[in-house]
Amino acid sequence: MSLKAFHLIFVTLLTALCFGCAAWAFNAGSTEWGVAGIAAGILVILYGIYFLKKLKRISYL
Amino acid sequence: MEIPYTVHKRADTGLYNAKLGIWLFLASEVMLFGGLFSAYILLRVGAGEGTWPHGWLDVRLGTINTILLALSAITTLLAWAALKVKEFGKFKFFHACTMLLALTFLGIKSYEYYDKFHHYEIQLNNGTIADGHFVEQSADFDLAKKTGTFTIHGHIVERHAELMDMRSDEAKKAKHEEHVIAAADIKHMENYSPRHNTFTAIYFTMSGLHALHILGGTLVIFYLWGPGSRMWKTDPERFTNRIEVSGLFWHFVDLVWVFLFPVLYLT
């Protein structure tokens with residue numbers, strides 16, 4: 001597995017963390033942190049798409 | 001005799017030597033951290049009701065550190081990608097950013113540790129508990145001789161259970177102010193060090209081991225950024241592989257934090 005593939009796993013888990021934190025914040029009654037968590041999750045997804053496009057030529061292996 | 005597969009992949013494994021080595025190493029690391037996470041789960045599940053702390057760590061600082069490590073994973077990847085397209089200058093820039101982010105992370109972590117070591121729980125003779133951060137102590141302060149005073153900035157509670165949930169409405173409403181406590185009134189006092197309770201023990205163990213990994217990774221990255229980067233002139237492909245391998249380690253350490261943060265800070 002190359003660094004590219006490992007980075008993809010990292011980005012996926014980071015996205016899950018962002019949305020998980022958002023859920024935790026909403027549950028704890030903090031709307032601002034919840035919204036920030038969702039925004040961060042969307043930002044990480046957009047970054048993931050950008051990174052996949054940029055490193056198209058590099059192998060996953 | 002030249003060592004084979006330092007640059008090109010071995011046909012049967014599909015890996016060059018260093019990549020096989022790092023994955024074996026990371027497998028052992030998964031077992032190490034896996035054991036600690038298992039210990040955490042068992043301690044947490046086994047804790048009696050109201051005895052596991054909530055809100056003892058600053059979520060804001062934890063969030064900043066999460067962002068720093070996420071950014072450092074990106075700069076590590078960009079440093080490797082820059083070498084893939086032969087842009088050595090960009091590699092230098094991105095890896096310098098990685099080191100700065102890592103050092104900032106360690107700085108914040110040190111501050112958090114400092115804060116915990118200066119946070120005291122003081123059981124008083126009248127049955128109440130004073131909890132807060134150390135401000136000052138008188139020159140003659142001696143707990144054994146019961147002389148002098150100890151000043152903290154915090155609050156006084158009636159029951160120990162009130163200190164366990166710092167996210168409760170009661171805790172949020174608590175008025176924090178300076179309390180000067182005479183040594184003669186102190187029954188027992190201790191700071192929030194690893195020996196304080198099960199949570200602080202597992203918190204310092206897990207976050208400390210993680211911080212040591214960050215420190216080790218930073219030293220490796222510094223070597224590859226500085227003196228080790230001479231290899232770029234003689235064997236660029238092998239140097240690029242080294243950067244990939246160090247990047248794999250760095251991503252693993254970042255990944256551990258992705259699990260550590262919710263487990264320690266959001267509980």
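Biologist: How many residues of chain B are in contact with chain A, and how many of chain A with chain B?

Modeller: This is a predicted model, in which local features need pLDDT of at least 70, side-chain atom pairs count only at pLDDT 80 or more, and totals for chains, interfaces and linings use all residues. Residues are numbered from 1 along each chain as its sequence is written, while chains are lettered from A and ligands numbered from 1 in the order in which they are written. Contact here requires C-beta atoms, placed from the backbone, to lie within 7 Å. The contact involves 17 residues of chain B and, in chain A, 14 residues.

Biologist: Which element gives the largest share of the side of chain B that touches chain A?

Modeller: Two elements of chain B each give two or more residues to that side, namely helix H2 (59–84) and helix H7 (236–265). The largest share is eight residues, and it comes from H7(B).

Biologist: In what order do the elements of chain B run from the N terminus on?

Modeller: Chain B holds seven helices and five strands, taken as DSSP runs (H or I, at least four residues, for helices; E, at least two, for strands) and numbered from the N terminus. From the N terminus on, their order is α-α-α-β-β-β-α-β-β-α-α-α.

Biologist: Which strands stand at the edges of the sheet in chain B?

Modeller: Five strands of chain B form an open sheet in the order S4-S3-S2-S1-S5, with antiparallel pairing (at least two DSSP bridges between paired strands). Two of the strands have a single partner strand each, so one side of each is left without a neighbour in the sheet; these are S4 (177–182) and S5 (186–191) of chain B.

Biologist: Which residue in S4(B) stands opposite B:Phe150?

Modeller: Strand S3 (residues 149–157) of chain B runs antiparallel to S4(B), and six bridges join the two. In S4(B), the residue opposite B:Phe150 is B:Ile181.

Biologist: Which residues of H7(B) make the contact with H1(B)?

Modeller: From H1(B), the contact takes in B:Ala18, B:Lys19, B:Ile22, B:Leu26, B:Glu29, B:Phe33, B:Phe37 and B:Tyr40. From H7(B) come B:Asn241, B:Arg242, B:Val245, B:Leu248, B:Phe249, B:Phe252, B:Val256, B:Phe259 and B:Val263.

Biologist: Which residues does B:Ile108 touch, not counting those up to four places away in sequence?

Modeller: B:Ile108 lies in helix H3 (residues 88–117) of chain B. With 16 C-beta neighbours inside 10 Å, B:Ile108 counts as partly exposed (buried means 20 or more, exposed 12 or fewer, and partly exposed in between, with C-beta atoms placed from the backbone). Not counting residues up to four places away in sequence, B:Ile108 touches B:Leu61, B:Ile64 and B:Asn65.

Biologist: What is the phi of B:Lys146, which is not a glycine?

Modeller: Most residues other than glycine have a negative phi. B:Lys146 is found in the loop between strand S2 (129–137) and S3 of chain B, and is exposed, with 12 other C-beta atoms within 10 Å. Although B:Lys146 is not a glycine, its phi is positive, at about 60°.

Biologist: Where in chain B is B:Tyr5 placed?

Modeller: B:Tyr5 also has a positive phi of about 60° without being a glycine. With 15 C-beta neighbours inside 10 Å, B:Tyr5 counts as partly exposed. Its place in chain B is the segment before H1.

Notes:
Contact = placed C-beta atoms within 7 Å.
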